[in-house]
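Hi everyone, thanks for making time today. Please have a look at the structure on the screen, and I'll walk you through a few spots in it.

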Amino acid sequence: MYRDAHILLINKPAYLLSVPGRAPENKDCAVRRLQAQYADIRLVHRLDLDTSGIMVFALTAQAQSRLSRLFQLRTVQKRYQAVVHGLVEHDSGSIDLPLIADWPNRPLQKVCHETCLLYTSDAADDMQCVD
């Protein structure tokens, strides 16, 4: 997608791991595929297995440090699109609920008003319906 002396952007397909999993059958991943061409590739962030989209990799230690800091400080703006089943009640709005992984049904998430408040950020997500 894009490459310069410091960064590499790729379009990760859904169902490709960002990094290798623990099980032997989960070794195929974006990082390993890129290491064949870029020996010093450095991970900056991950995308979930089911998520397709742009991933940012660093080609130098300095780029990785700076980019990782931007993600940590939430300076990087991300946009997600989701396919939903059924009718959405409003064309736009804000999702401001504490979410946590629904472990038995991963990668689904669920609203959690008890222990979840310890593990989530306090940022709300805006949503807008598109055709």
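I95, L97, L99 and V111 make a nonpolar surface patch of about 310 Å². A patch here joins nonpolar side chains (Val, Leu, Ile, Met, Phe, Trp, Tyr) within 5 Å, or like charges within 9 Å, from residues with over 30% relative accessible area and no salt bridge. This is a predicted model, where local features need pLDDT of at least 70, side-chain atom pairs count only at pLDDT 80 or more, and totals for chains, interfaces and linings use all residues. Residues are numbered from 1 along each chain as its sequence is written, and side-chain values use heavy atoms, leaving out hydrogens and water.

Take L99, in strand 6; strands are DSSP runs of E, at least two residues, numbered from the N terminus. L99 counts as partly exposed because its relative accessibility is 33%, with buried meaning under 20%, exposed over 50%, and partly exposed in between, using a 1.4 Å probe and protein chains only.

Next, D102 sits in the loop between strand 6 (99-101) and strand 7 (109-111). D102 is buried without a salt bridge, and K110, the nearest side chain of opposite charge, is 4.4 Å away. A salt bridge needs a side-chain nitrogen of Lys or Arg within 4 Å of a carboxyl oxygen of Asp or Glu; Lys and Arg count as positive, Asp and Glu as negative, with His and the chain ends not counted.

Finally, there is an open sheet of four strands, ordered 1-2-4-3 with antiparallel pairing; pairing takes at least two DSSP bridges between two strands. Strand 1 (2-3) and strand 3 (42-43) are the edge strands, each pairing on one side only.

Technical notes: Areas by Shrake-Rupley, 256 points an atom, 1.4 Å probe, with all protein chains shown as cover.
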